[in-house]
Protein chains: 2
Amino acid sequence: MEPPAIKSRNTRQRAVILDILRQTKAHPTAEGIYHEARKTLPNISLGTVYRNLNFLRGQGLAREIRPHNESSSRFDCNSHPHAHFHCRQCNGMTDLPLPPSLGASDWEKERVSRVDFVDLLVLGSCAGCAPQPGPQN
Amino acid sequence: MEPPAIKSRNTRQRAVILDILRQTKAHPTAEGIYHEARKTLPNISLGTVYRNLNFLRGQGLAREIRPHNESSSRFDCNSHPHAHFHCRQCNGMTDLPLPPSLGASDWEKERVSRVDFVDLLVLGSCAGCAPQPGPQN
DNA sequence: GTAATTGCAAAAGATTTGCCCCATT
DNA sequence: AATGGGGCAAATCTTTTGCAATTAC
């Protein structure tokens with residue numbers, strides 16, 4: 001039988017928010033999405049942005065990332081499993097492929113029974129910020 | 001020459017907080033540490049707990065973990081690189097070894113210049129909560 | 001017409017901070 | 001005695017929520 005199919009409406013606000021997410025790779029915060037959305041919908045409220053981000057997250061259409069050194073969550077709408085890289089110098093965040101070894105569930109079987117989700121965040125410096133790679137450079 | 005050596009005092013509060021972290025594997029929240037500390041120091045304040053956790057973090061003696069489905073950070077004082085597993089059923093959090101492939105810096109060299117820290121959080125069910133492993137079980 | 005969704009503003013929750021006093025050094 | 005750190009309370013910041021009005025269906 002079909003899943004209960006959550007009732008939802010295609011509001012302009014929701015479409016604009018999803019569109020913003022789809023057109024950026026910057027992993028914006030709710031506030032950032034709000035400011036961007038205001039360009040199209042000058043009356044949209046921050047609460048609506050949060051509500052829609054939560055809705056989209058529930059639908060599997062958006063993902064929330066919690067940075068280490070920033071107090072606000074960031075969001076993206078890349079639904080393929082992936083990791084994130086956060087440059088501590090320019091604060092830029094980019095997607096990273098998830099290492100294959102993490103896809104397989106080769107975790108300690110004694111304590112982990114089932115893996116639902118793998119959240120991997122790498123902190124460091126991006127190529128633009130630290131042109132000469134090397135330890136302690 | 002010696003590093004500037006941050007001035008700090010061995011207060012009873014700081015010692016108690018560090019002790020609590022060292023004696024548990026539960027990855028408690030600041031609030032949890034606060035309640036535990038009150039058993040020894042009935043007048044300790046939550047602000048002091050936060051200030052000390054931040055201090056210890058700065059010293060590399062404590063680590064902050066931001067769970068996915070809980071609004072409060074959790075803390076541990078295991079200074080060896082490691083990952084975390086969070087059971088979504090019982091909310092228990094345990095340490096996990098960091099897969100060796102993540103220790104090496106075999107990330108996309110084009111965008112990542114230097115890796116400082118790898119934060120890996122695995123979500124799922126622990127053995128106690130889901131005795132029969134298997135997909136969608 | 002019905003009810004999901006919005007805007008607004010207030011509330012909630014977590015963490016930080018100012019200030020004055022106390023305790024470690 | 002000097003000053004880092006504590007207690008308390010207020011402030012800050014992010015996210016959630018109640019409610020009346022709106023709008024997609």
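How are helix 1 of chain B and helix 2 of chain B oriented to each other? In this predicted model, local features need pLDDT of at least 70 and side-chain atom pairs count only at pLDDT 80 or more, while totals for chains, interfaces and linings use all residues. Residues are numbered from 1 along each chain as its sequence is written, chains are lettered from A in the order in which they are written, and side-chain values use heavy atoms, without hydrogens and water.

The axes of helix 1 (residues 12–22) and helix 2 (residues 30–40) of chain B come within 10 Å and cross at roughly 120 degrees. The two helices of chain B are therefore oblique to each other (angles under 35 degrees count as roughly parallel, over 145 as roughly antiparallel, 65 to 115 as roughly perpendicular and the rest as oblique). Across this pair, B:Arg12, B:Val16, B:Ile17, B:Ile20 and B:Leu21 of helix 1 meet B:Ile33, B:Glu36, B:Ala37 and B:Thr40 of helix 2, where contact means heavy atoms within 4.5 Å. By class, six nonpolar, one polar and two charged residues make up the contact.

Aromatic rings come next. In chain A, the charged end of A:Arg14 sits over the ring of A:Phe55, 3.7 Å from its centre; in chain B, the charged end of B:Arg14 sits over the ring of B:Phe55, 3.7 Å from its centre. The criterion is CZ of Arg within 6 Å of the ring centre and within 35 degrees of the ring normal.

Finally, A:Cys77 lies in the loop between strand 2 (74–76) and strand 3 (83–87) of chain A. Not counting residues up to four places away in sequence, A:Cys77 touches A:Leu21, A:Arg22, A:Leu61 and A:Ala62.

Note on methods: Axes fitted to C-alpha atoms, helices over the stretch in contact; angles between N-to-C directions. Helix = DSSP H or I, 4+ residues; strand = E, 2+ residues; numbered from the N terminus. Nonpolar A, V, L, I, M, F, W, Y, C, P; charged D, E, K, R; others polar.
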